[in-house]
Structure formats: structure tokens, C-alpha cells
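Thanks for coming, everyone. Please have a look at the model on the screen.

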Amino acid sequence: ELKGSPEVGGLFPIAAQTTVVVGVFGNDGRLILGLKPDDTLEMLERTGLRLVDGRLPRPGKAEVALHSDIIKAKQGVALGGEIGRDVDPNEWMTGRYQVVGVLEGPIPIGVGSYEYIKAGRPGERTFMVFPHPWGESGLKKMLESLPNDKVLVRTYEFEHRRVEEQLTNIDTIIWILNLVTIVVMALATGLLNVIFFLQRMGEFGILAAMGYSRRFLVMRTFLEILWTTLLSWATGLALSHWLLGFIGRVVYEPKGITLSGIDARVISFSLPIPFMIALFSLFVVMWQLWRMDPVSIVERRE
């Protein structure tokens, strides 16, 4: 049925194994796709992967070509080395495989022999399907229409939803820590702003005595607080971007882990901080300004 669909641009039988690597939150798995010889090069081309060292696995042999990030993450494994549960009891991948090639590209996976991996998993029939450039939505609908009791379909949307569900608990913890950080930083920085404002009471008293309204003084103070806080927040983001890149290059990339940079998600977590600081500072300053007696301030100044 898949071969007869006009939306299908590529259909490859695969046999999959999973090798373990050390991730940011503990052990994680990376797919090793068992492919037939005629399908391997086309699969690499479609996924943007390329062979940069060694060679591709031979049919029927216990050999794999691994992404360079996987090799980095598996400390002590190199081209010509071996992986598998027969080599390391903590490995998820059954058997013993020799690393004969190194891959690079956007997806950290490995490739092996379809015949060899399939022999160890005789009860499974798995296919990887690629759409034509114009047939992605049609292929998705066709795949979702297949009977659930006979076929397990995993689309990009399915995997994305599964990962999001796994990250929900982590997000909750991060948001709790983030809220605590926001409150503490707002109080600390807001108090500094208040101290700085109190040191300028003479200035505000003279301005009020000269005829400037309290509304003007409040607005002027608010704008000062807002632009200094936003400037500090933007500077903090720039420093965080640099520090994240430095830590990624020095600590994580040698382990085969790629850290994402500053994106909309990061901004959504940090953006409440400057606004909370500005609101807390403004509330205290407004309260001081409305209670201010410019005459007594000028008299004390004189």
C-alpha cells in the first residue's frame, strides 16, 4: 500500500538498535539504523549525513558507522573500536559491533547492516518513509489512516509530542525555580533602586518646588527604571549567550552534546525578571513621591 502511494518519495526497510550515550539529564539513546546496501547512500543523502572517515558497514557484518557526536559521547570509543553489550554490560545495544566509519551531519545517528541487525530482531518489520516535497501532508494523512491494531506509525508530530510530554515535569521545576529567582531578584534589585532614589530626594524635591508635577516625576522615574532594567536584561542575555557558547565548546561538545543557544524559550523564561524589578521599584518610588514634602526637603538642603 505504501509503495503504491503517490506521496511516498522513499521507502526503506530498516532494523533498528539503540546505543547508549551520556546526555545532559543522564543516559540517553541514539538510533543505529540497519540498512540494505542500496538504501544506505540514499538514506544518508536524505538525512544530510556524510561519511567523513573510514567506510560504510558491509552487508551481513557486525559493523557500524557512527555519528561523530556519538563517538565523542561514548568516551573511549574510536574508529576501529567496538561497542555493544558484549563489550560493555551497560550498553543498550545487544551483541558486539566494530566501528568502521564516522558520520557527520545534522542528525546524531548511526548506520549498520540490515541483514545482521535484522537477524537479531526477527519478529519486527519496520519501514522509514520519506514524502515527495509536495506530498508531506497527504502522506501524513495516509499513514494516520492505517489500522492502529496492525501498524504503529511514528511521525515527526508524534515524536515531538512525546518529547514535550517528557519535558513537562522538567519545565514545571524550572518555572518554580524561575519564579523564586524572579521574586528574589526583584526584591534585591528593587531595593537598590529605592536606595538610589532616596539618595536623590533633594533633586526630586527641588524639581517639585520648581513646579514639576508629581505625575511628571513618577513618569520620569518609571522611564529611568524601565530603560536601565531592560538594558541590564539585554546585557545579561548577551553575556549568557557568550557564556553558554563557551561552556558548550569547552564542556559539552567534547562529550558530543550540543547546547541550544538563546531562543524564544529562553527569552520567555527571563523576560518577567526586568518587568517585576521595574514594577516593584516603581511601586516603592511612587509611594515615596506621593508622600514627599518638597518644602521640607529644600529647607533641609539649605
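Predicted model: local features only at pLDDT ≥ 70, side-chain atom pairs only at ≥ 80, totals over all residues.

Residues are numbered from 1 along each chain as its sequence is written, and side-chain values use heavy atoms, with hydrogens and water left out.

Start with H67. It lies in strand β4, residues 63-67. Strands here are DSSP runs of E, at least two residues, and helices are runs of H or I, at least four, numbered from the N terminus. Is H67 buried or exposed? H67 counts as buried, because its relative accessibility is 3%. Buried means under 20% relative accessible area, exposed means over 50%, and partly exposed is in between, with a 1.4 Å probe and protein chains only. The H67 side chain reaches the backbone nitrogen of D69 at 3.0 Å. Leaving out residues up to four places away in sequence, H67 touches L49, L103, E104, G105, I107, P108 and I109. Contact means heavy atoms within 4.5 Å.

Next, the core. In soluble globular proteins, nonpolar side chains tend to be buried together. Here the largest nonpolar core has 16 residues. Such a core is a set of buried Ala, Val, Leu, Ile, Met, Phe, Trp, Tyr and Cys residues joined through side-chain atoms within 4.5 Å. Those with the most contacts inside it are I32, V64, L66, I83, M93, Y97 and V99. At least two core residues come from each of β1 (8-23), β4, α2 (68-73), β6 (97-104) and α3 (114-119). Take V99. Among its contacts beyond four places in sequence are V64, L66, I71 and I83.

Now the second largest pocket. What lines it? There are 15 lining residues, and V20, K74, Q75, D88 and E91 lie nearest the centre. β1 and β5 (82-83) each give two or more residues to that lining. The largest share, 3 residues, is from β1.

V251 sits in α7, residues 214-252. V251 counts as partly exposed, because its relative accessibility is 37%. Its C-alpha atom is separated by 37 Å from that of I225, 26 residues apart along the chain. I174 is in α5, residues 156-198. I174 is partly exposed too, with a relative accessible area of 36%.

Definitions and conventions:
Polar contact = N/O pair within 3.5 Å; in protein donor to acceptor, adjacent residues only side chain to side chain. 1 Å grid on protein atoms, 1.4 Å probe; cavity = no way out; pocket = protein on both sides within 12 Å on 5 of 7 lines; lining within 4 Å.
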